[in-house]
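Here are my notes on the model you sent. They are set out as numbered points, to be read with the structure open.

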Amino acid sequence: MGDKHSKNILAQPALCRILDANLDRSREGLRIIEEWCRFGLNSVELAKECKQLRQELASWHSVDLRTARDTPGDPGTDLTHPQEEERSSIESLLQVNFCRVEEALRVVEEYSKIYNPEMGSAFKQMRYRVYTLESSLLAYRRQQQLTRSHFYLVTNPSEHLFAIVEAALQGGLNIVQYRDKSADDTVRLNKAQKLCELCHRYGALFILNDRVDLAIATGADGVHLGQEDIPISLARQLLGPGRIIGRSTTNKEEMHRAIKDGADYIGVGPVYETPTKPGKSAAGLDYVRYAVEHSTVPWFAIGGIDINNLEEVLKAGADRIAVVRSVMEAEQPTLVTQYFISQLTRVQTMRSQKNLPGNS
């Protein structure tokens with residue numbers, strides 16, 4: 001550190017304390033994020049980036065800054081907020097710590113312009129790297145959740161919407177699509193926000209049907225697009241790389257086009273005729289069998305699947321199922337969800353043991 005900077009610090013011990021506290025805060029937050037990247041996501045790449053950022057932060061954490069620390073005399077140690085005492089989910093924990101790191105880096109960036117302008121420039125770049133890390137972690141987490149999801153609920157309008165969805169989530173459901181073609185946008189936005197919060201509380205993915213704008217507004221994990229909706233490339237441009245995009249397909253041509261266009265998953269169906277898709281003929285089990293052999297992305301068999309015909313869909317090779325009425329109109333959504341998941345788990349175990357083909 002040059003003489004000019006040393007004199008600045010000697011004259012302003014509070015400046016040292018600010019830099020010291022925020023370097024500590026950012027390093028602690030990054031360590032919390034790193035642990036989830038390492039043990040929760042098993043991502044070497046993301047954990048490595050966290051570690052590199054921590055090491056760079058440590059290289060700027062000089063003796064001058066550390067010796068200025070005065071923890072007993074810091075009035076901020078007694079300040080707290082009720083929300084700091086609890087975390088509702090891993091997602092909220094990660095979000096809080098990313099905010100903590102980003103705020104702390106901004107503080108260091110600004111105050112270090114007085115302390116050492118080179119440090120200010122370095123921390124500006126680190127802050128951008130943390131933004132990129134946050135986007136990458138969210139995208140990675142969502143893709144992992146999608147891969148692990150085998151039972152998918154698509155909602156239909158119901159006066160008991162929230163109670164049904166929560167009951168299914170309690171049964172182990174981990175991906176929900178909000179679908180309502182008739183409600184006003186204000187109603188849809190309100191319901192989507194509540195459903196998004198509910199799904200995230202249970203650690204489930206929340207997907208919005210058709211509407212990219214509402215997906216962005218509500219913080220949804222992604223959108224599901226029909227064949228007549230906007231192109232996947234435009235949806236990706238609007239949503240960014242971190243969110244999931246699904247596409248409905250009814251035949252092999254639509255399947256291959258959706259995969260080529262960059263869909264993260266596809267719906268395969270309708271397997272049976274269903275009032276949810278009036279006037280649309282069933283794609284049948286042959287299309288399910290085709291998907292088993294040719295889909296290179298996760299896919300969900302959908303359309304008229306219920307407890308009575310589930311077994312023949314599974315025998316055709318499906319190991320991911322999407323339903324509407326089977327859960328939305330069930331007397332006991334939790335038990336129905338548990339039944340579907342148990343059957344899907346049974347099939348996955350059998351195929352794993354016999355090394356039989358299934359979904360990608």
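1. How many bridges join strand 5 to strand 6, and which way do the two strands run? Four bridges join strand 5 (residues 244-249) to strand 6, and the two run parallel. Within this pairing, threonine 249 stands opposite valine 268 of strand 6. Please keep in mind throughout that this is a predicted model.

2. Strand 6 covers residues 265-268. Tyr265 and Gly267 point one way from the strand, while Ile266 and Val268 point the other way. Residues on both sides are buried: Tyr265, Gly267, Ile266 and Val268 all count as such.

3. The loop between strand 6 and helix 12 (284-294) holds threonine 274. Is threonine 274 buried or exposed? Threonine 274 counts as buried because its relative accessibility is 10%, and the cut-off for buried is under 20%. Leaving aside residues up to four places away in sequence, threonine 274 touches Gly303, Gly304 and Arg325.

4. On the overall make-up, the protein has 15 helices and eight strands. Along the principal axes, its C-alpha atoms fill a box of roughly 80 × 40 × 40 Å. Of the 360 residues in the protein, 47% are buried. Where residues at least 6 apart in sequence are in contact, 64% of those contacts join residues at least 24 apart.

5. Phenylalanine 151 belongs to strand 1, which spans residues 151-154. With a relative accessible area of 2%, phenylalanine 151 is buried. What does it touch, not counting residues up to four places away in sequence? The contacts of phenylalanine 151 include Leu173, Asn174 and Ile175, as well as Ile321, Val323 and Val327. Thr337, Phe340, Ile341 and Leu344 are also among them. Phenylalanine 340 is 189 residues away from phenylalanine 151 in sequence, yet the C-alpha to C-alpha distance between them is 7.3 Å.

6. Helix 7 (residues 161-170) has Leu161, Ile164, Val165, Ala167, Ala168 and Leu169 buried. Which elements do the buried residues of helix 7 pack against? They pack against strand 1 and strand 2 (175-178), and also against helix 8 (185-201), helix 14 (325-328) and helix 15 (333-354). After helix 7 comes glycine 172, whose phi is positive, near 110°.

7. The disulfide count is zero. As for burial, cysteine 50 counts as buried at 0% relative accessibility, and cysteine 196 is buried with a relative accessible area of 4%.

Terms used: Residues are numbered from 1 along each chain as its sequence is written. This is a predicted model: local features need pLDDT of at least 70, side-chain atom pairs count only at pLDDT 80 or more; totals for chains, interfaces and linings use all residues. Side-chain values use heavy atoms; hydrogens and water are left out. Buried means under 20% relative accessible area, exposed over 50%, partly exposed in between (1.4 Å probe, protein chains only). Contact means heavy atoms within 4.5 Å. A disulfide is a pair of cysteine sulfur atoms within 2.5 Å. Two strands pair if DSSP finds at least two bridges between them.
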